[in-house]
Amino acid sequence: MYALPPREFVASRAAEVAALKQAGDADRARAVAALRKPGVAVGLVNAVVREHPGLVDELRDVGRRLRAASVGGDPDDVRAVDRERRTTIRRCVTAAEEVADGWGAPASAATLRDVEQTFWAALVDVAAFATVRGGALLTPLAPNGFGDVDVSGASAVPVDVEEDPPVARRAPRPRQEKQTEAVRDVPDEGAVDDEALVAAREQVATSEHDLDEAQRAAVEASERAAAAGGRVVDLKDELAAVRRRLVEVESELRDAGSEERRASAGLKDAERVRRTAGEALERARRAVRALDP
């Protein structure tokens with residue numbers, strides 16, 4: 001059922017429940033009846049997981065490399081893997097767009113943002129990835145830097161979390177001997193606390209993601225403003241046409257009123273002529289009767 005477009009979920013669930021009841025499996029029928037309908041964004045994520053398994057594997061691998069680089073890698077490695085992260089997420093979102101088009105219901109910008117956030121969460125957190133890979137996601141996920149993602153109640157089925165292979169931390173660089181008084185107070189790079197470095201890298205990745213989101217939102221806002229401006233122009237043209245038509249109708253109404261008054265006056269004249277003719281006819285008949293022996 002979670003492989004279907006969300007609009008088909010309820011009917012599919014009802015059919016499955018009916019089949020299980022007919023087969024005498026009341027317990028499974030109750031369990032299936034309790035399954036929640038996914039939203040559009042979640043339905044797209046579930047479809048991408050089923051239709052693009054290779055892309056899902058890539059999501060897992062890039063996530064592992066990014067986490068490993070953030071813990072013990074070189075800053076250049078972190079930047080390189082983060083570029084892979086951006087590319088992979090874009091490919092996931094593009095795949096979701098194609099699924100939506102195939103369903104005959106193009107995804108909205110808000111839906112695609114939820115899709116992007118969910119795949120981003122799956123990339124940075126092993127539990128989120130396991131939940132997404134299960135293919136029965138119920139709610140969108142949201143990344144939390146490289147911290148734990150809340151996946152409670154997010155899947156309709158149990159999931160197995162596959163932890164990352166252990167990553168060896170890089171040994172800190174040895175302290176250099178203090179050469180002169182001028183450099184005595186300069187901190188040694190090798191003395192930078194590992195945890196602080198990890199946190200800083202996480203903050204960089206999160207900030208870059210937030211910037212991407214802000215830029216996307218700005219583009220969408222610009223597009224909406226342009227569309228709204230075009231709609232305003234169209235509506236103004238329609239209003240001008242309606243006003244011109246109103247003037248024409250008012251003129252036609254005045255003409256019709258004048259015609260009605262003329263017709264009413266003609267009707268009154270005709271009624272008078274009819275009455276006069278009727279009275280003359282009656283007098284003539286009386287005269288005939290009086291003269292006829």
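In which helix is Thr 111 found? In this predicted model, Thr 111 belongs to helix H6. The relative accessible area of Thr 111 is 14%, and the residue is therefore classed as buried, the cut-off being under 20%.

The protein chain as a whole contains eight helices and zero strands, in the order α-α-α-α-α-α-α-α from the N terminus. Of its 293 residues, 28% count as buried. The accessible surface amounts to about 18600 Å², with 55% of this area belonging to carbon and sulfur atoms. Among contacts with a separation of 6 or more, 64% are made by residues 24 or more positions apart.

The average pLDDT is 80, and 75% of the residues score at least 70. Helix H3 has the highest mean, 94, whereas helix H8 (residues 194-291) has the lowest, 75. For residues 172-188 the pLDDT is below 50, and this stretch makes nine contacts in the model beyond near neighbours in sequence.

Helix H3 spans residues 40-51. Its twelve residues reach 16 Å from first to last C-alpha, close to the 16 Å expected at 1.5 Å a residue. Nine of the twelve residues are buried, so H3 is largely enclosed by the rest of the structure. The buried set comprises Ala 41, Val 42, Gly 43, Leu 44, Val 45, Asn 46, Ala 47, Val 48 and Val 49.

Nonpolar side chains tend to be buried together in soluble globular proteins. In this model the largest nonpolar core has 36 residues, and those with the most contacts inside it are Leu 59, Val 115, Phe 119, Leu 123, Val 132 and Leu 141. Two or more residues of this core come from each of H3, H4, helix H5 (75-102), helix H6 (109-124) and helix H7 (126-133). Apart from neighbours within four places in sequence, Val 115 is in contact with Ala 41, Leu 44, Val 45, Val 93 and Ala 96.

Gly 63 lies in helix H4, residues 53-72. This glycine is buried, at 0% relative accessibility.

Another salt bridge connects Asp 82 and Arg 86 at 3.4 Å, N to O. Here both residues lie in helix H5, four residues apart, which is about one turn of the helix. Asp 82 is buried, at a relative accessible area of 6%. Salt bridges with shared partners also join Asp 57, Arg 60 and Asp 61 into one network. In a further pair, the side chains of Asp 25 and Arg 28 meet at 4.0 Å, N to O. Asp 25 is partly exposed at 26% relative accessibility, as is Arg 28 at 46%.

Conventions. Residues numbered from 1 in each chain as written. Heavy atoms only, no water. Buried < 20%, exposed > 50% of the residue type's maximum accessible area, 1.4 Å probe, protein only. Contact = heavy atoms within 4.5 Å. Areas by Shrake-Rupley, 256 points an atom, 1.4 Å probe, with all protein chains shown as cover. Expected span 1.5 Å × (residues − 1). Core = buried A, V, L, I, M, F, W, Y, C linked by side-chain atoms within 4.5 Å. pLDDT = per-residue confidence, 0-100.
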